[in-house]
Amino acid sequence: MTLTEKRAGGHAAVLEADPLKLEEQFDPEIHFRPLLPATAWIVAGLLFALSCFHYYTAGFGLLPETTHRGVHMAFVLGLIFLVFAGRARDQNRVAPHAWWRPGGILLVDWALAVAAAVASLYVPWIFQDLAFRVGNPNTTDVVMGTILIVVLLEATRRSVGIALPLIAVGLMAYAYFGPSMPGIFTHPGATWSGVVNHLYLTSQGIYGVALGVVATYVFHYVLFGVLATRIGLGKLFIDLASWVAGCYAGGPAKVAIFGSALFGMISGSSIANTVTVGSLTIPAMIRLGYPKHFAAAVESTASTGGQITPPIMGAAAFLMIEFLGVSYSTIILAAIVPAFMHFFGVFCQVHFEARKKGMRGLTREELPDPMQTIREGWQTVIPLAVLLLVLFSGYTPYLAAFWGITSCIIVGVGRSPVLSVAAFAALVGAVALGLLTKWVFILPMAAILVGLLAWSWLSSPEGRARVADIGDAFVVGAKYAISVGAAAATVGIIVGVITLTGVGFKISWMVTQLASQMGGAVLAVLPAGVFTPQGATLFFTLLLTAIVCILLGCGVPTTATYIIMVTVAAPTLGMLGVAPIVAHFFVFYYGVLADVTPPVALAAYAGASMAGADPFRTGNTAFRLALGKALVPFVFTYGPAMLIVTQGFTWTDFLVTTFGCMAGIVMLSAAFSAYMLAPLRGWERAVLIVAALPTVAPGLPSTLVGIAMASPVLLLQLRRRRASPAVAAVSLP
């Protein structure tokens, strides 16, 4: 989206910066270098071909596993060397053509692109003989594997930063120098040939689950999100959020939360959510009187929820499908309540802050007309409805994405209510009759789609513009996805070394021992019955895991953080009786916080740039806003009923756990905001923080204990509010 002006009920918020440029500035995964026109056309053609490859295979059948992953990686790595410069100083300028820089791209980059493509396709090419080569690679295998490892690390450095490649290099060194490692970390070691064999020729390394998930699922949903935004679904969500929440105290801040929640349904990127929704909400919040850093922090904190908001979540959600062996619809159901808790936690702090500062809502004139909004944009909901219909009918996630993308093209190009409704009705009928994957349905739909594109292109300049916009969305969608592919392949190196050396189990044992010692120290001073020894060990294991997730996420993308931590932490939590899906969601939830955790809080920094605020102060405020729901993963670990899909689920447990968690979030949010019904004194804030802790242990008794502990503060708040209705504007020492 390249809007420099955004409409809200007939009024415009003029921005000083282009949201797309800000997204490219703060998200290293889409910070592409400018190219000469001829080279730009070549790159755009390759990106378009990559999107078409995935679109076609999603609907008409995937290639064999290794071939599909190899083709995907050949495109991804080759393109990275063309769209990302090797040096930061070359990333923002168009380089002229020269013999050593054909098309404005250095010869070495062209060579790396070709080497990456050849090395990626080598394994699919020798696949028939692979069963006889694994464990006994020949010289060519080792050379090609070494080339791929080197170019992969360089591609990842260019596209997502240096942290992830350094971790991979460190672990490969650990695998090679195993006999020289100290203490528990000693292992027999592996030759370089053995390392390459494991990482390159087996499915435990580069060609492993992480790359497979990106090539099979993630790419399609990134493309769907871009197309859905292009046809206007994102704008519809933002306008509806403005209408629902804008009139209440601190209206634009609540619009930011509702808008980010809705927009997060079609975008799994924190930074994209921040700059898109923030282009409307941040200027409105500043206009209403919010401090600039707080306005930016609200939007960036709310926007991080996009990665955990169904149905289109971050890449980590699709990885759960493979790791856990469950359907994507199961992941969606499990994510609903934790995602709600994320936005509820931000909402509580925003509400308390608005009441404390006496912020007004938006006037009727400032709000969009709901009927006009729905009348103009209702068609854009059809692709999302199609995606969910196909997904929950038991079909694969990539087939659901295929029909969702197809619906986006029909709605975006046709711009006809009759055509949109007819297409939706046809898809519903095909699902009901079991014809969705039959040629008797696919061929007529393909003919209609091709005819629609041809008719629109030939009919008028406006029609050609719509077709061109869809084509550009295919290019942009591929651009957004290539960095994720490189990161996933590099994570394959990390996971491969962990499985080769067994270091994951050693780290798990060390964490468990440390948590046990910490638990023993706490049990010595707590009253009997508060914790069992195993309960204390579990609590401190969860605490250590949460801290490592946040710290690791400061320099590593969410998806990579999730895979690394699940590889190490899931066995530990499993030994302590935590269900696998719960352990995975615990790591996923905390990994998402990294986007608003200083010193590397990319979403917060993007929001700060839009608001003209201090980035570090914005990051600190965003982290504080996110802390209101920091206890949520602990709650669903102790009360798995919150995830709905766990064994032994009952609605009684679900309601008690969920409402207890909400009570804890309200108490923590009030304490961090220093306001509830009236300003809070220091000791009152401390009481609320302590009172929130029992809600971590789900159950009616513990929730009632927490509420009882907080009740004196609540009574004082009611008394103070009645004594002075204007107390919202008063500050207490």
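**Figure 1. Cysteines C549 and C52 in the predicted model.** C549 has a relative accessible area of 0% and is buried; buried means under 20% relative accessible area, exposed over 50%, and partly exposed in between, with a 1.4 Å probe and protein chains only. The model is predicted: local features need pLDDT of at least 70, side-chain atom pairs count only at pLDDT 80 or more, and totals for chains, interfaces and linings use all residues. Residues are numbered from 1 along each chain as its sequence is written, and side-chain values use heavy atoms, with hydrogens and water left out. With a disulfide taken as a pair of cysteine sulfur atoms within 2.5 Å, the count is zero. C52 is in no disulfide, and its nearest cysteine sulfur belongs to C408, 15 Å away. C52 is partly exposed, at 28% relative accessibility.

**Figure 2. Aromatic pairs, with Y200 and Y207 as one example.** Rings of Phe, Tyr and Trp (its six-membered ring) pair if their centres lie within 6.5 Å; planes under 30 degrees apart count as stacked, over 60 as edge-to-face and the rest as tilted. The structure holds 34 aromatic pairs. In the tilted pair of Y200 and Y207, the centres are 6.2 Å apart and the planes make an angle of 55°. Y200 and Y207 are both buried. F539 and F540 form an edge-to-face pair because their planes stand at 85°, with ring centres 5.3 Å apart. F539 is partly exposed at 24% relative accessible area, whereas F540 is buried at 10%.

**Figure 3. An aromatic cluster that includes W403.** One cluster is formed by F48, Y55, Y56, F60, F402, W403, W439, F441 and F474. W403 is also listed, with Y328 and I331, among the residues with the most contacts inside the largest nonpolar core.

**Figure 4. The largest nonpolar core and the surroundings of I331.** A nonpolar core is a set of buried Ala, Val, Leu, Ile, Met, Phe, Trp, Tyr and Cys residues joined through side-chain atoms within 4.5 Å. The largest one has 225 residues. Helix α21, residues 461-501, gives the most to this core, with 19 residues; helices (H or I, at least four residues) and strands (E, at least two) are DSSP runs, numbered from the N terminus. Neighbours within four places in sequence aside, I331 is in contact (heavy atoms within 4.5 Å) with M313, A317, M320, I321, L324, V326, I581 and F585.

**Figure 5. Backbone geometry at P311, R415 and A674.** Most residues other than glycine have a negative phi, and most peptide bonds are trans. P310 and P311 are joined by a cis peptide bond with omega about 5°. P311 belongs to the loop between α13 (292-303) and α14 (315-324). R415 has a positive phi near 50°; its loop runs between α18 (397-414) and α19 (417-433). R415 is partly exposed, at 47% relative accessibility. The phi of A674 is positive, about 60°, and this residue sits in the loop between α29 (651-673) and α30 (682-692). A674 is buried, with a relative accessible area of 18%.

Figure 6. pLDDT is the predictor's confidence in each residue, from 0 to 100. The protein has a mean pLDDT of 84, and 92% of its residues reach 70 or more.
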